[in-house]
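Work through the exercises below with the sequence and the 3D structure at hand. Each task is followed by its solution.

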Amino acid sequence: MVDKTISRAYGVKYHPRAFQGVLQKRNLFCDIFARQVIMVRLTVHLIAKSSNYSKTGRSESLQQYLKKLTHLNFSNKSIEDIDDLSICRNLTVLYLYDNQISQICNLGFASNLTHLYMQNNNISCIENLSSLHNLSKLFLGGNSITVVEGLEELKNLKELHVEGQKLPCGEKLVFDPRSISSLSEALCILNISKNNIDEIWDLAPLRKLSHLYATDNQLRDMQELETVFSQWSQLRLLDLNRNPVCHKPKYRDRLITACKILEDLDGKQINELSRQFLLNWKASKDAKKKLDSLDSEDIKEQITNPRTADFRVGPQHPFTHDRSSSLSKPSEYGKPGVTYRTDRVQGDSRGRRSRGINISVRTGRL
């Protein structure tokens, strides 16, 4: 009934499907128009209108209120730019996620800021954060960042979230070595999921990491992961779900033995008994490899120099014998020795003398 009434108002003939399509197009147009018109700039006046200041009865001035402000939440407000907020000098937590911000700016005043939430915006470059010396948590997931950079001055940063960047086709998220080096002494939690990453060598300096989220990437090299993770002695949680490396043989066993205190791998807890069993298994395997390597070297030496190895002559050698006596080669690994006789054969069955023959005769049990 409502659809028919609207149909008459617009002067069109009512038809359910056709009318539904008209409404959808109209709503889409209105939504686009509203987004273009409602784009806002974060200013002191906007804070005054939207915050609890208007509910306090204005017992204090706006300036006093802004100076005492510690938490500010302007998430999902269609904000596209940040104005000068330097009067909010005691700000510690700032929520600006789910907006339309394209540049990080005008935050130099916030030296007390500890938490910054700017995920799901249009940011393409990490910049203008050098004054945030006390920042401990930075959320930048869901933007358009291609290089993790500009973090050299954030010496106290403990959490960094850069997951799910909107990257150009075929590109991957890369890391500036200078930023990684600066974060190496403090960063504990890193989220780099869904960024088309195929190697993590650049992250090796992050020796304080305790949590790594790297799901939905292109990690393939098992040896690389073992090498890097073995350097992270504090790693307790590791999530590599939906990477090609997850399908490698003994993937889970090898990572558990590489990460000595890992507690959770791909969302599954690690039993301490299982860990100890795998560590013992690896130690036994390594010992066997070492023994096999030594044995192969000995065998190679004997094959290369058989005469010098077994028939060295001289008064100092324990196996020096007279030519008329039998020569015995010492047995190896329980094998029967080989006796060499040099007795001269005097004649055959017909009484004829024959030439001297050296006959090799193996003695010992078969």
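**Exercise 1: an aromatic cluster**

Task: classify the exposure of Tyr97 and its ring partners, and the geometry of the ring pairs.

Solution. Tyr97 has 25% relative accessibility, so Tyr97 counts as partly exposed (buried is under 20% relative accessible area, exposed over 50%, partly exposed in between, with a 1.4 Å probe and protein chains only). The model is predicted: local features need pLDDT of at least 70, side-chain atom pairs count only at pLDDT 80 or more, and totals for chains, interfaces and linings use all residues. Residues are numbered from 1 along each chain as its sequence is written, and side-chain values use heavy atoms, leaving out hydrogens and water.

Step 1. Rings of Phe, Tyr and Trp (its six-membered ring) pair if their centres lie within 6.5 Å; planes under 30 degrees apart are stacked, over 60 edge-to-face, the rest tilted. This rule gives four aromatic pairs.

Step 2. Tyr95 and Tyr97 have ring centres 6.4 Å apart and planes at 85 degrees, so this pair is edge-to-face. Tyr95, at 24% relative accessibility, is partly exposed.

Step 3. For Tyr117 and Phe139 the centres are 4.5 Å apart and the planes at 10 degrees, so the pair is stacked. Tyr117 lies in strand E5 and Phe139 in strand E6, 22 residues apart (strands are DSSP runs of E, at least two residues, numbered from the N terminus). Tyr117 is buried at 15%, and Phe139 is buried at 14%.

Step 4. Ring pairs join Tyr95, Tyr97, Tyr117 and Phe139 into a cluster.

Key. Helices (H or I, at least four residues) and strands (E, at least two) are DSSP runs, numbered from the N terminus.
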